Amino acid sequence: MSLSDLKENEKAKIVKIHGGIGLTQRLMDLGLTYGTVVHIVRNFGRGPIIVSVRNTDIALGRGIARRIWVEKI
Amino acid sequence: MGREDLVIALCGNANVGKSALFNQLTGLQQTTGNWPGKTVELKEGTLYYKGKFIKVVDLPGIYSLSTYSPEEEVAEEYILTKKPDIVINVVDAAHLERNLFFTIQLIELGVPMVIALNQVDFAENEGIFVDAYKLQNLLNIPVVPTVAIKGKGIKALIDEAIKQSEEKKIAHIEYGKEIESQINELIKYIPDNVYPTKRFIAIKLLCGENIENIPVSAVQKAKLIIQSLEKIHGEPISLILTQERYSKAELIARAVTQLKNPKNKLREFLDSIFVSPVSGYITLIIIFFLIFGTIYKFGGFLGCILENFFGGFKEPFLASNIPYKEFLWNGVIEGFLSVIYVVIPYILPFYFILGVLEDSGYLARMAFLTDSLMHLIGLHGKASLPLFLGFGCNVPAVLGSRIIESKKERELTCFLSTLVPCSARTIIVMGLVGAFIGFKYALLLYILSFFIIFLIGKIAQFINKSESPGLIMEIPPIRVPSLNVIIKSTYFKLKDFIIYAIPLIIAGSALLEILNQANLLVSIENFFSPLFSGFLGLPSFTVIPIIFGILRKELGIIMLATFGGSANLSTLLLPRQMIVYSIVMLFYFPCIATISALLKELSFTKTVIIILFEIVLAILLGGLSNLILSAFMP
């Protein structure tokens with residue numbers, strides 16, 4: 001499933017980022033590396049989401065969140 | 001410059017209190033300049049400490065050195081080419097893991113470093129306790145705990161920085177075995193005389209970068225390693241390295257951090273109001289209108305007072321015996337005053353409010369909430385603030401677009417915000433169309449403005465084509481903003497703008513006055529009158545007010561009476577002409593103050609393109625509406 005499918009307060013582990021090298025690099029630089037556990041802070045069901053990664057909240061556009069594949073835990 | 005004994009570069013993530021530290025170090029002795037060839041700001045200041053002149057450079061706030069945004073390139077280029085004596089890496093104690101990731105990249109640059117472990121008080125409030133001594137031992141870099149906004153730890157930091165700049169010790173970070181053995185293998189092929197270190201060059205080569213003056217054998221060896229590693233891992237080495245750096249950062253951060261029960265539940269409560277599907281938007285709208293109300297109402301009020309006050313000097317000045325008094329008043333003093341009339345009532349409160357929004361962390365939340373809406377015109381959440389503020393005055397809107405990182409989006413926001421009907425244009429629309437034809441028609445013109453902005457946004461989106469990557473933005477913790485930080489940032493931004501805008505605006509008004517005194521305005525009027533009377537259906541006396549509207553848009557209505565020869569505007573213009581005139585004024589030309597703001601934010605060519613585009617747009621829309629309206633209006 002993708003990051004955008006998760007509900008608020010759910011936790012997941014990042015499995016894969018489906019994007020070009022530029023996007024993947026940017027996301028990884030912010031700490032979204034493979035295996036990292038994240039939790040969803042806000043997901044209104046549309047528009048961007050807020051995800052907590054390495055104790056930092058990061059807003060991601062929905063289109064980007066859709067490209068981040070995760071495993072729910 | 002060049003007289004300093006020491007150069008310190010400040011480097012670190014965004015939102016870590018780097019600017020606060022910079023302000024503490026340099027006080028009011030600051031200058032802002034652009035790095036050659038890029039619109040990235042570099043702030044410089046000087047500090048006199050224990051008999052030494054120290055130059056402090058504030059590098060842009062960035063998260064890494066690997067994605068090659070202009071800010072990242074500037075930071076890296078600065079460190080590699082200007083070779084500062086010491087780099088102070090500002091690290092946020094509350095977000096240690098992510099900050100250390102960047103620290104590790106800085107270490108690779110092979111420069112002497114000191115770490116300012118900042119916001120330790122805030123972190124402790126959040127239940128995060130960092131052992132600075134342990135961190136120092138693990139990294140082999142001096143770590144000084146600081147609270148920059150309160151000035152704590154600053155002296156110790158400078159002392160340590162001076163000490164390290166003399167010792168010039170360079171730290172070293174090792175990654176996992178697999179990648180280390182490959183780096184060491186490649187280092188054998190790299191000559192000794194490279195800068196800054198062989199290891200740095202090896203890592204750059206492995207990330208697939210081209211580096212000058214490197215033997216072909218090294219480049220070929222790098223290619224072989226890249227091939228074999230990418231085969232095993234199935235992804236580019238730069239990504240493998242990023243993950244290596246993060247696991248290192250994670251390891252160190254966990255070893256030095258202790259988590260206790262956080263004291264602060266207020267933040268969560270505030271965010272449950274500010275960032276929620278219902279109350280979030282309600283508070284957003286309230287805050288938007290509060291900001292707008294302050295800038296618009298307070299600005300309008302203050303503007304009136306200032307105009308009445310300074311306007312009172314006009315009569316006595318013109319009655320005096322000063323030589324060239326008319327030229328001096330109309331060309332120079334009026335120009336200077338028009339800066340005052342824009343800066344004090346509108347830009348000063350704007351910068352102050354922007355400071356509050358930025359420092360409190362609300363700006364990021366605002367961007368989050370408005371992201372979907374801004375997507376409609378190919379922009380992201382951060383563009384909502386400048387665009388909205390454009391209704392008060394376009395100048396702060398253009399200057400405010402600086403909060404947007406992506407260059408293309410920033411430029412588009414600048415452009416679109418000059419089309420937002422500002423208060424001066426509202427005065428024209430309301431004073432003509434609203435007063436003489438009806439409020440409904442005035443509203444229609446407003447809607448036309450929005451439609452045009454939307455349309456241009458869509459077209460720009462289509463032209464740019466490259467699917468914009470969408471919002472990626474840190475949401476910093478919400479907190480009480482620091483008045484000290486805000487006042488300073490307001491002061492510096494205001495100073496920057498005034499220094500930049502005053503000569504331009506005075507030159508512009510002087511030019512208009514010269515044209516006026518040389519009686520050239522009549523020839524200009526004659527030149528344009530075929531276009532005006534033919535295509536736009538406007539009487540030719542409207543040419544001059546439109547030209548003077550460049551100086552200040554309100555003049556577009558004030559001077560109608562002067563040049564039309566009657567204070568009753570309904571005897572001068574037909575309803576149809578009022579609408580056409582208002583449309584032309586809505587779109588035709590940013591005022592001089594806005595132009596100087598555009599020049600400050602964009603290149604000269606782009607500013608000229610925007611001006612020309614808006615002239616053509618105004619004439620086309622005016623002509624078109626004249627054509628349509630003349631079918632059913634006198």
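**Figure 1. Residues at the contact between chain A and chain B.** In this predicted model, 28 residues of chain A and 26 residues of chain B make up the contact. On the side of chain B that touches chain A, two or more residues each come from helix H3 (96-108), helix H10 (237-256), helix H15 (362-375) and strand E10 (472-475) of chain B. H10(B) contributes the most to this side, namely 5 residues. By residue class, the side of chain B that touches chain A holds 13 nonpolar, 9 polar and 4 charged residues.

**Figure 2. Strand pairing between E4 of chain A and E10(B)****.** Within E10(B), Glu474(B) is the bridge partner of Ile58(A). E10(B) is also among the elements that give two or more residues to the side of chain B that touches chain A.

**Figure 3. Span and bend of helix H15(B)****.** The 14 residues of H15(B) reach 20 Å from the first C-alpha to the last. This is close to the 20 Å expected at 1.5 Å a residue. At Leu369(B), H15(B) bends by about 45°.

**Figure 4. Burial along helix H15(B)****.** H15(B) is mostly covered, with 12 of its 14 residues buried. Leu369(B), the site of the bend, is one of the buried residues. H15(B) gives two or more residues to the side of chain B that touches chain A.

Key
Residues numbered from 1 in each chain as written. Chains lettered and ligands numbered in written order. Predicted model: local features only at pLDDT ≥ 70, side-chain atom pairs only at ≥ 80, totals over all residues. Contact = placed C-beta atoms within 7 Å. Helix = DSSP H or I, 4+ residues; strand = E, 2+ residues; numbered from the N terminus. Nonpolar A, V, L, I, M, F, W, Y, C, P; charged D, E, K, R; others polar. Pairing = 2+ DSSP bridges. Expected span 1.5 Å × (residues − 1). Bend = angle between axes of the 7 residues up to and from the residue. Buried ≥ 20, exposed ≤ 12 C-beta atoms within 10 Å, placed from the backbone.
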